[in-house]
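Please open the model in a viewer and keep the selection panel at hand.

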Amino acid sequence: MRAKLSVIIPTLNAASGLERSLPALAEGLQAGLIRELVLSDGGSTDATLQIAEAAGAEILQGPASRGGQLRRGAGAAGGDWLLFLHADSVLPQGWADTVLGHLPSGHPAVFKLAFDATGVMPALVAGWANLRTRAFGLPYGDQGLLISRKGYDAAGGFADIPLMEDVAMARALGKRPRLLPLALTTSAERYERDGWLRRGTRNLSLLVRYLCGADPAKLARRY
């Protein structure tokens, strides 16, 4: 089987996240699934680039804007399928077989969300994210986003915006992304720093404001 998947990760001082997330990609390499790893950096000053280079990633550099970084990464990728990941999102065991089983459908997909924290609030926030994805087709980028190259190009690619680029893409696809049966684990650092209720409420407010037409640049400053 020809390797079909390009993995694209936007980064900005993401060394600690990459140290956790990159080892999980080995499963895709062993399965012959991953064609390449593209790291689209926005000006990191920590060890991000050294870690990426050691992992054999193709490194792109440009202005820090998550939408723009994802767009540049996709532009450099050669796979028939694109998997967009956040640097601090760790793919679950068994993800490669799950993705291989999904590819024939041609449908966009995301993983369920889980946090690297335990308790009621992490479970509630993750549960809301999964419900939002299933009911409204509006996942966030920390769930991973699996899109065929054909589907990505038809949607016009990621908008070069600093926030809500994931929601904009989900809306542009024309199909609700399917929720894969496995959950990837993302960092709870921001929630634990800001407070689960406060961060969750802020994120929901930003989403509603974006859907009502607010400028993503202004929302990013609030975020």
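Begin by selecting Asn13, which lies in the loop between strand S1 (5-11) and helix H1 (15-21). Helices (H or I, at least four residues) and strands (E, at least two) are DSSP runs, numbered from the N terminus. The model is predicted, so that local features need pLDDT of at least 70 and side-chain atom pairs count only at pLDDT 80 or more, while totals for chains, interfaces and linings use all residues. Residues are numbered from 1 along each chain as its sequence is written, and side-chain values use heavy atoms, with hydrogens and water left out.

Asn13 has a positive phi of about 50° although it is not a glycine. Most residues other than glycine have a negative phi. Is Asn13 buried or partly exposed? At 39% relative accessibility, Asn13 counts as partly exposed; buried means under 20% relative accessible area, exposed over 50%, and partly exposed in between, with a 1.4 Å probe and protein chains only.

Next, select Met164, in the loop between helix H7 (149-154) and helix H8 (165-172). Met164 also has a positive phi, near 70°, in a residue other than glycine. The relative accessible area of Met164 is 6%, so this residue is buried.

Now turn to the strands. Select S2 (residues 34-41), where seven of the eight residues are buried. S2 pairs with S1 in the parallel sense over seven bridges; two strands pair if DSSP finds at least two bridges between them. Within this pairing, Ile9 stands opposite Leu39 in S2. S2 is also joined to strand S3 (residues 58-61) by four bridges, and these two run parallel. Here Leu39 stands opposite Ile59 in S3.

Continue to strand S6 (residues 109-115). Five of its seven residues are buried, so S6 is largely enclosed by the rest of the structure. Which strand is joined to S6 by six bridges? The partner is strand S8 (residues 178-186), and the two run parallel. To locate this pairing, select Phe115, which stands opposite Thr186 in S8.

The next stop is Arg132, in helix H6 (residues 120-136). Arg132 is buried, with a relative accessible area of 3%. Leaving aside neighbours within four places in sequence, Arg132 is in contact (heavy atoms within 4.5 Å) with Gly137, Leu138, Pro139, Tyr140, Gln143 and Leu207.

Gly137 is buried, at a relative accessible area of 5%. With neighbours within four places in sequence again set aside, Gly137 is in contact with Arg132, Ala170, Arg176 and Pro177. For a distance check, draw the C-alpha to C-alpha line from Gly137 to Ser6: the two are 131 residues apart in sequence and 23 Å apart in space.

Finally, display the chain as a whole. Its secondary structure comes to eleven helices and eight strands. Along its principal axes the C-alpha trace spans about 45 × 40 × 35 Å. With 223 residues, a compact globule would have a radius of gyration near 17 Å, and the chain agrees with this at 16 Å; the radius is taken over C-alpha atoms, and the globule rule is 2.2 Å times the number of residues to the power 0.38. Buried residues make up 52% of the 223 residues. Among contacts between residues at least 6 apart in sequence, 76% join residues at least 24 apart.
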